[in-house]
Every structure is written in C-alpha cells, then in structure tokens.
Amino acid sequence: MARTEPSNINHCVAPSITSRVSNFTKDSNQRSDEIKTEFTSREGTYKISSLIDNLGKIGSSTCLNEPVKITLLPRIQTIYETTNSQTSSRRSSSTNNQNDHSIEQKQTSISNGNETNQQNGNIFLTDILAFNVGRELIVYEFAEATQSNFGDPLDHRVYKQNHQPTCHDITQNPDTNGLHILVGFSKGQIQYINMQTKEQKVFNEGSYLDKAKVTCIKWLSNPKTYFLASYSSGYLYVFDEQLNYQRDTNVQPTYSTIKDDEKNFSISYTKNKSKQTRNPVSRWSIGNGSINEFSFSPDNILLAIVSQDGFLRIFNYEKMELVAYMKSYFGGLLCVCWSPDGKYIATGGEDDFITLFTLDPEEHTPRVICRGHGHTSWISAISFDPYMNAKTYYSSFIQTSSSLSLDNDNDPIDGIRKTIPWTRSDSSYFDTTIPSLFYRIGSVGQDNRLCLWDITEDVLKINSNSKQNSSTYPLVSSASTTNGCSLLSSSDITTNTQTSTTKSSFSSITSRLSFVRNSNKVNKSTDDIPDLSLVTLSNGTSKKSRKLSLLSSTLSGTKSSSSKLTTNSDDTNQTSLSILTTNNNNNFSSRRTNFDLTKSTFGTNLCPKLDDIQVIEPIITEFIAHERLNGIYFGENYLLTSSQDGIIAIWEKPQKLLNINTMKATKTIPALLSCHALKDLLRSSSQKISVLEADIGKQFENEFRHGHIPKARYFDQLECTKPSKLIPRGLPETKCFESYLSKMGVSNSDHIVLYDRSPIGFYATSRAWWLFKTLGVDSLSILNGGFYKWLKEINELESSDDNASKSQEETGKFTVRKNEEMLKNYKDMLHIVSTNDKEQQIVDARPPNLFYGSNAGHLPNSVNVPYTDVFDQTNQCLKSKDELKQIFNKAGVDLSKPAIYTCQTGTTASTLAFAAHILGQESLSVYNGSFTEWQQRAPKEFIINNKTDTPAA
C-alpha cells in the first residue's frame, strides 16, 4: 500500500518566516485580514519559530482533499549507563485530579525518572510528531519543537492515489521502546506499523467490513493491543492488533448486543475470547450520520463521542453504558477534548460555537456551562492547554501588570482589548490570592482563525445551582453513578434563566446574537410557553425557573422517562460477522432518527437557548493561515497548528511562561551509550552530536572509509603527537590539536561520542575519552560495544573518502582547556612511591603475566585489575555496575578515594579509569608513561616482579 520515498520537506526558521509569510497574497473574496505570524495575549507574545511545509509552496493556493491532522506523542526514554540494559521508555500521562494538573503531573513523572536515573540511567525527553498531507504520512522525532531544523523524518510514506490517510495515532511499547503507528484511510482500511520490527498489517482489507472513511483512530491504554476506529458511516469498531486481521469466511464469531432505541445507539461485542474470535472485537452504532471524533477521559474510563447528528455522547467504555449526553446549538459536532483533570469537555462544530460541558461531581448534575462565539465558520479542532493552569497563567503577569486597572473596559492591555470573562469589578484583578480555577482552550476552524479562550472561575460558577435548587433534565438511567457524577431520573425538566448577574465581558456578544434569540421567540408554539416561577439562589440572586414536561410525557403521556435498554442474550439473539458487515456503508434507513431526542433536550441544560446560557468571547482571534485550519496541539513550550495547504506551524510560547516553568526536563546524556540511544541522539537531540571513530596511529583508516557510523569523523589520537621511546603515546601539541578538531567540525559546545573497532569492548576509545577529559572536554560519551555492536544492532553505515569532504561542509571552534588533575607523570609517581603515600591507590590494568612476570613487573603498592575483566565477553559490552563494583572491591580498590591508573602505555589504564568514572569515583588520573617509562627510568628497587611487594622505606 505504501512506498518510502526521499522526503521533500522544507523547514523554515523564524528569520525567514516573517519575510515569506508577510508576502502572502491575500484572497480578496475571502477576507482582507493580514495573516499573522505572531500575536500578543495577556501572558506575552506567541510567535512562529519554524514551519514544516511538505508541499514546498508556502503561500500558495494548494489545497488538499483530506484535512491535515497532527498526532503528538511525548516520549520519555531512560538511557541507561549500564552495559546489559538497552534504551527503554515509558509514556507520560497528563492526568491529575487537581486543577494544577499538567505541570504537577509532569513534575512527578520526571521526578520519578530522576530516582531511576540515580541508579540506572538518565531521562531523555523527545516528542513524536505525525501528520498526513495528501497521500503522504510523515513522522518526526525532535527534542525541541522550536529548533530550526528537525532533520530527516523518522518515517515518510507515500500511498496510492486512492488511499489517502485521514487519521493516525501512535503509542510506545514501554518494554522495547518501539513505536506502534495506526493509520486510517479514506477507503476504510487501517494500517498497523511496528517501527522497530518494520512489521505491517492491514485491517478491513478490501473494505469488507466498512467502505466509509476512517474519521478517528486511537490506541487503548488497556488492553494495550486494542484500538478504536470510527467511520463516517456512523460505526465505531474495536480491533485487537494481535488477532487474525484477515477476513475469515470459514469461522463466524458470535456477538451479543446492547441496544437503546431512545438514545439511538447499539453495541455488538464478543463476550469471551476463543479460537473463533476475530476482528472486530465489537461494533458500536452511534446516532445518525458520521462519527466525527472521539476522545477518552484522562483516567481512560469515559469515552466521549461527537457525531454529525449534533450530539455529544459520553459512555462508560468498560460497562458500555451511556452516562450523559449533550446537543449542539445546531448542526453537527466535529471535535471534542477533555480537560486535563477530566471535569470538563469542550466541543466545536457546525454551529460555530465552542461548548463547555461539565461532568464535575461538585456540579451535582452534568450541564452545558457556556458557549463561545469567535469563529465565523465551522470549528475543526479544539484542545485544552494542559500546561496552562491558574498558577502558571496568573504568575505570568501578576507582577508586571499590577499597576494596570481594569475599571475602564476600553483600556487596552498590550494592544489587546480586554474581553476575558472576569466579573469581579469590585476587587483588584491582581489579588495576592491566585484563583484556583483556570483553563486555557484553543480552537481552530474553517474560517482560518485561531481562537484562545480563558475559562476562569467566574465562568465556571455563573449559573451553577446549589444542590437544593439543582436543575434537572431527561437523564440516561435512574440511580447511576459514573466518574463521581450522580445522575438521577426525573419527570420534570427545569431550566433556569438568569435575570440578574454581575457585569461581564460577554454582554456584548449577547446583544450581537440577539437576532438569533428573537428568531427563536417568534417561532414559539403555545405548547412551548413555560410556567414561570421565581427561584432564589443561595447567593441571593433571583432566577426565573420554567418547568417543561419530559419528552416521554409530551409524546405519549404515559411512557416512562427511563431509557429502555435491551440486552440480547447469547442463546436467543446472536449476531454473526456477516450480519455486522451487511448494510454498514452509508445506509441509515433502518436507523432511528434523533428528532425526539433533540426535542427533549433543546431548552434544557443539555442544549440551552442563548438567553439561558453564558456566551463568552475569545481573548485572541487571529487569522494565521491561507487555508482552513485542521489541527491544534499544545506542548509545554510550543503550540502546533496545521492547515489544509499542508503547512505545520510551530508557535513558540511567550518567554514569561518558559521562565515560570522551572521544571523543564534536563536532557543529560550518559557517559555510556547504547547503540539505540546513539541512534535516537543523532535523530532528535537539540545539542550537536559529534561522533568520532577513535584510532591510534591510523590502523583502521581504510576500514573507516569503506563504512562507518553515519555522521562519524575519523579521529587519530597520534595526529599531533611526537612519540618517544619513553612515552610512545604522549599528549598532542595544543595548537595543532585545536586546528585538527576544528577542521573536523568539532566545537567545545558539542557532545562528543567515541567508538572504535575493537573486537572486545573498546580499546582506543577509552584512551580518547581520557585524552579529551585531560584537554578539558566534559560533555563526552563512549558507545558501548563499539562499531561491531552497532553493526549487529543497527546496521546503518555510510562511507566517505576522507575527512576533507566533511571539513568543507562544516568547521568548528575547538579550544584546549587542560585539566591537570587527569594526568600523572614520572615525577608525580616517583614522589608517591618514594614517600609510600598510601592515600594514592595505584591500579594496574595489564594482564597478570605482565604484572607478576619476571621480565616485566609493576609499581610498588599497586593492585592488578586486568582490563579485560570489565567486559562481558558475550556481548562485547562493559559489565553492569554491580559487577564492576565487585571487581574493584575484590582487588582492594576503594572508589571513594583517589586512584591512579596505569598499564603498559596508558591505553588500557584509561579503560579502568572510565569504568571507575561511571561508578562515581571523583578523583582519578592516568599515568600516561605507565610501565614503559617506569621500567626505563625508575630505580630497580621500585620495580616489583613477584607477588610480594617490597616498597622502599
């Protein structure tokens, strides 16, 4: 179905954006507004930092058939410093039960990761971005969304002409660190991709199950192999990735059915897994028309579904029960999202309104809280900003803006008209006590607008009834409790019209939309005129309450208001897969309409009239694209939007917010890297990574030219040295070495990763590590297992003629800052031995036959730890930390005290020094001349060649 092609994606960074985007040609028929590349809100300025333009035609009129949707996956990986561990990761959750939800949750996750970090590894954070453009699916991994260059895509697929991707989702296996991608298509097929094993599957192959377009697809959190896919036919299917994904006509699975005609849904499901079980695991028939989007609550208990019939339906997924519903003002609902704490749901659709619906148990009953009017066309996508809570928001301007007054509604702040819903006119906006409730919502629509909405405590509390005067309406079931929200059936509907409220910023929109209300009043029938009675609320204000009879009473007079729920037993009403696949495709003749349900909800708290509800305005309304907008996503430091012309815009959040968020993860790179960790770094690290293949005397230069790790440079440690008889591998001349590294493209700000071609562990690499440490480089790592481990696990190589071609591409600026603590010379060692300094431990890395041999020998008071002992011969990697500690302890080495490492020429001594370094030894050094120099210069009494040391007095 797909083929991989070289990517043709343009990345535009901030300096070029202003000039290119500002020269967009305006569509005079559509609008005359300027396309904005930055805008200012109360907390500061949002500005575009980079663009991904897959079509390469920024500002063109190119428009695609399917919406350009974006999927983001925060990826938290633990990069281990131990040898036998590979890179692993876990997904982070944004769920929290407190209002200061997102930041605190991320702090907890990272804090837990740092506890692991102290023992096993370091936390490394990246984001996975996937988006569809025409026939293409592109996947990126990046460390910073605001970085100027994302590098090459992690994956880029081009599909056949008639198979356009329409939606996608990504999950991460916490055990293998592998990514699993789902892609839905315009013809109904679903593709599964395992990014680690390259395995691929196709579900609904040949569209045998449903020929309609896949509108939304999501992985389930449990079971992790399950996923949901909704279709424009009005069906939602549950698949198991591990089940037989091909159609099997020989084996027909049986399904049990739950059906509710009044609420217009039915669910067919398999009760027990068996050998006959096939996909789909279950099928949900929801409402009339297309299911446009669905979303799970943060605790993964409730499932919110929005449909073309205009209804938001909220199910308990496990129990397969409808717990609440809501109706749009008119038209279909197109998008839905949950607040990070799971108390509120925001929707948008064809009525041009955003609607905020509450499931907060403190509200006593679910209700529509408010509608928002800022778009002039259908709303395509909506999202809460999980990183903008009350503390973050108010702290961003509480000090700098404390002198500003809000008494005059015409006074601008930062050039922005004050339209946020704030109603405490008798108190200062900048109270020392920060309000506890705040939510930021972003929405984009087919009017090419981005709107930001602030939901404050005032908005959430207005029209909120006390428990003694709670409004009631037709509910789903009697005496059911879900998510802490009590739902009680009643025979009466009470809707409230507020007659006196405090002054608020949405009065202007109320007057502007009065024509809508007047049209409703003109068409009222006599039966719709309610009886009015005055109700006094707990806060002292008055409301007029009107009573309406239930739909059941209105239509039949005797029909019970409780929902009639039918469950078909296995032995009487079983459905086969062939029945499920019959008349699924665009055939709604047998499906019940929503006329009765619509009539019962309009004018209630489930679909209030505009006179009876708050209508708020956005704090920001900006044109940001030439084509209609399709997607929006909030990251910690950025905002992503996608438009129909294939452009992904990355907006940097205001600097004030970045400064407030002090818990931003530190992306530390461990001293010992696995092959997979290095691969991830090369693809997504925000810091420049310089990979060097270390050699001693150009032994493997020809092999390097024929094949090496991608982006690696060849590094000969003896390039700027002058070998002598006493010290065959001395230190390089400073100016020569600085020039050598700079021409290679290495700078002091780089993180250097070293590897070599030793068949056992690493040899030249460890000396290169010590050399760079001695010359002042601290950001340094060694590739565990070296070249041959990389070849076995990753098997990605590139070839080059020489470093000259590389130096033409890039030059660096490397400066030597010598660290004398890492180096010991002959005079230092003679002083230690002659004074019998027991504080300085001497550790020899040579084999025992050289350490104890009659023709060789060792320094007085030294202990022997053969360097080969620190490697695991089964995988060519360094042994685990626990094993290394046992090796040093057995030899009598105290890692809490200073140690000097020696060998024959100073090379294998560096291996022991590196092993001690990752074990936490703070004071260590290498005798560079080692026994080659010592044997030629030291007095004979200081050369020990048996197992009994005889140190000098």
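The structure is a predicted model, in which local features need pLDDT of at least 70 and side-chain atom pairs count only at pLDDT 80 or more, while totals for chains, interfaces and linings use all residues. Residues are numbered from 1 along each chain as its sequence is written, and side-chain values use heavy atoms, with hydrogens and water left out.

## Overall fold

The protein chain has 21 helices and 54 strands, where helices (H or I, at least four residues) and strands (E, at least two) are DSSP runs numbered from the N terminus. Of the 953 residues in the chain, 58% are buried; buried means under 20% relative accessible area, exposed means over 50%, and partly exposed lies in between (1.4 Å probe, protein chains only). Among contacts with a separation of 6 or more, 69% are between residues 24 or more positions apart, a contact being heavy atoms within 4.5 Å.

In helix 21 (residues 930–937), the residues Ser930, Phe931, Thr932, Glu933 and Trp934 are buried, and the buried residues of this helix pack against helix 17 (826–834), strand 53 (899–902) and strand 54 (924–927).

## Aromatic rings

Rings of Phe, Tyr and Trp (its six-membered ring) are paired if their centres lie within 6.5 Å, and the pair is called stacked if the planes are under 30 degrees apart, edge-to-face if over 60, and tilted otherwise. By this rule there are 38 aromatic pairs. In one of them, tyrosine 237 and phenylalanine 239 are tilted, with 6.2 Å from centre to centre and 40 degrees between the planes, and both residues are buried. Tyrosine 755 and phenylalanine 787 form a stacked pair, at 6.5 Å centre to centre and 20 degrees between the planes. Because tyrosine 755 lies in strand 46 (residues 751–755) and phenylalanine 787 in helix 15 (residues 786–793), this pair ties together parts that are 32 residues apart in sequence. Tyrosine 755 is buried, with a relative accessible area of 0%, and phenylalanine 787 is buried as well, with 5%.

Ring pairs also link Tyr192, Phe203, Trp219, Phe227, Tyr231, Tyr235, Tyr237 and Phe239 into a cluster.

Charges sit over rings too, the criterion being that NZ of Lys or CZ of Arg is within 6 Å of the ring centre and within 35 degrees of the ring normal. Arginine 757 lies over the face of phenylalanine 787, at 3.9 Å from the ring centre, and the charged end of lysine 327 sits over the ring of phenylalanine 311, 5.9 Å from its centre.

## Salt bridges

A search of the whole structure finds 21 salt bridges, each being a side-chain nitrogen of Lys or Arg within 4 Å of a carboxyl oxygen of Asp or Glu. Three of them are listed here.

| Lysine 213 | Glutamate 66 | 3.4 Å |

Lysine 213 lies in the loop between strand 13 (200–203) and strand 14 (214–219) and glutamate 66 in the loop between strand 4 (44–53) and strand 5 (70–80), so their pair ties together parts that are 147 residues apart in sequence. Lysine 213 is partly exposed, at 29% relative accessible area, whereas glutamate 66 is buried, at 13%. Lysine 201 in strand 13 and glutamate 241 in the loop between strand 16 (235–240) and strand 17 (254–260) are 40 residues apart, and both are buried. Glutamate 701 and arginine 705, by contrast, both lie in helix 12 (residues 701–706), four residues apart, about one turn of the helix; arginine 705 is partly exposed, at 33% relative accessibility.

Glutamate 136, in strand 8 (residues 136–142), is buried yet has no salt bridge, and the nearest side chain of opposite charge, arginine 135, is 6.6 Å away; here Lys and Arg count as positive and Asp and Glu as negative, while His and the chain ends are not counted. The side chain of glutamate 136 does make a polar contact of 2.7 Å with the side chain of histidine 156. A polar contact is a pair of N or O atoms within 3.5 Å; within protein, one must be able to donate a hydrogen and the other to accept it, and residues adjacent in sequence count only if both atoms are side-chain atoms.

Asparagine 630, in strand 40 (residues 629–634), is buried, with a relative accessible area of 9%. A polar atom of the asparagine 630 side chain lies 2.8 Å from the backbone nitrogen of valine 68.
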